[in-house]
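I opened my notebook to look around a new structure, one entry at a time. Here is what I am about to go through.

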Amino acid sequence: MAEPLLEMRGIVKRFGRVEALRGVDFHVGRAEVVGLVGDNGAGKSTLVKIIAGVYQPDAGQMFFEGQPVVFRHPSEARARGIEIVYQHLALIDLLSIDRNIFLGREPTKRIGPIAILDKARMEREAWSILQDIGLRRIRSPSERVAKLSGGERQSVAIGRAMHFKAKLLILDEPTAALSVRETRRVLDHVLEVKKQGVSVIIISHNIYHVYEVSDRIVALDHGRKILDVPREKVTPEEVIDVIRTGAPATPQPEENQRV
Ligand SMILES: Nc1ncnc2c1ncn2[C@@H]1O[C@H](COP(=O)(O)OP(=O)(O)OP(=O)(O)O)[C@@H](O)[C@H]1O
């Protein structure tokens, strides 16, 4: 098997008495889309927050591009090309679209010894990102994010990740509360970034959305991995059944790799 982009072994995470993750092995291949599913409290968000450097595991190892990594802060994960987009925290309402895109990574120019914000470059690049992701309705990148729909926000956040050359894009519930058309747009983005060689982890309670774009489906239950299977080996209904029962419903052929 080719070396995975990301590999996690035996990840344990506790919050006081709650064992959110109980020794999870997880990997993501290059240009692979992994659908991460499971019931409320299964440990999905905790797992991706460890990948993104928000939380540190209590035990286990993580490898990125074959090297052992320890992310003590989200900036360290970002520096390696790991971008996470949260459903609600995708963008900051009060700021303009371009400020949101470059937040914390603003381009600067030098005037003598002083570095100042390069507003023209920021606007130019933000405009090109909006065109690339197909947000043609927006007339200027200096518009406030508050004016955007939920789907447009997700698109901008995905465009931002791509602009900063993400190698691994993590989408936590990207289609929750979106219209059918907006959901379509976000799922198309996933397929598009995969074509560009980017790996994606997509978390969703909507198994059909996950199923449509994923190469592999991983299900967690009470902090344990209960399913890790190529998409073509399982139906959405079987995935739902596994989540509902918390275990494989019927003995499966070996190649299904249910765990
Ligand atoms: N910061 C925290 N402090 C205390 N407990 C936490 C914290 N974050 C998560 N937990 C607990 O860890 C467990 C796993 O939560 P997590 O959010 O990872 O699940 P999830 O699968 O993402 O669920 P959901 O689909 O509801 O978002 C739950 O029991 C949750 O209450």
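Leaving aside its neighbours within four places in sequence, which residues is I11 in contact with? I found L21, V24, L47, I50, P57 and G60.

**How I read the model.** This is a predicted model, where local features need pLDDT of at least 70 and side-chain atom pairs count only at pLDDT 80 or more, while totals for chains, interfaces and linings use all residues. I number residues from 1 along each chain as its sequence is written. My helices (H or I, at least four residues) and strands (E, at least two) are DSSP runs, numbered from the N terminus.

**I11 again.** I located I11 in strand 1. I11 counts as buried because 25 other C-beta atoms lie within 10 Å. The cut-offs I used, with C-beta atoms placed from the backbone, are: buried at 20 or more other C-beta atoms within 10 Å, exposed at 12 or fewer, partly exposed in between. I also checked I11 against Q56: they are 45 residues apart in sequence and 9.8 Å apart in space, C-alpha to C-alpha.

I traced an open sheet of four strands in the order 2-1-4-5, with antiparallel pairing. Strand 2 and strand 5 (67-68) are at its edges with a single partner strand each, so one side of each has no neighbour in the sheet. Two strands pair if DSSP finds at least two bridges between them. Strand 1 (residues 6-15) and strand 4 (residues 59-64) have five bridges, in the antiparallel sense. Within strand 4, A59 is the residue opposite V12.

Next I followed an open sheet of six strands, ordered 6-9-10-3-11-12, with mixed pairing. Its edge strands, strand 6 and strand 12 (224-230), each pair on one side only. Strand 6 runs parallel to strand 9 (residues 168-172), joined by five bridges. I84 stands opposite I170 in strand 9. Helix 5 packs on the sheet by touching strand 6 and strand 9, and its direction makes about 175 degrees with that of strand 6. My axes are lines fitted to C-alpha atoms, for helices over the stretch in contact, and angles run from 0 to 180 degrees between N-to-C directions.

**I84.** Is I84 buried or exposed? I84 counts as buried because it has 25 C-beta neighbours inside 10 Å. I placed I84 in strand 6 (residues 82-86). Not counting residues up to four places away in sequence, I84 touches V48, A52, I170 and D172.

**Two helices.** I then looked at helix 4 (residues 119-132) and helix 5 (residues 150-163), whose axes come within 10 Å and cross at roughly 115 degrees. Here E125, I129 and D132 in helix 4 meet G159, R160 and H163 in helix 5. By class, this contact has one nonpolar, two polar and three charged residues. For classes, I counted Ala, Val, Leu, Ile, Met, Phe, Trp, Tyr, Cys and Pro as nonpolar, Asp, Glu, Lys and Arg as charged, and the others, Gly among them, as polar.

Methods:
Two residues are in contact if their C-beta atoms, placed from the backbone, lie within 7 Å.
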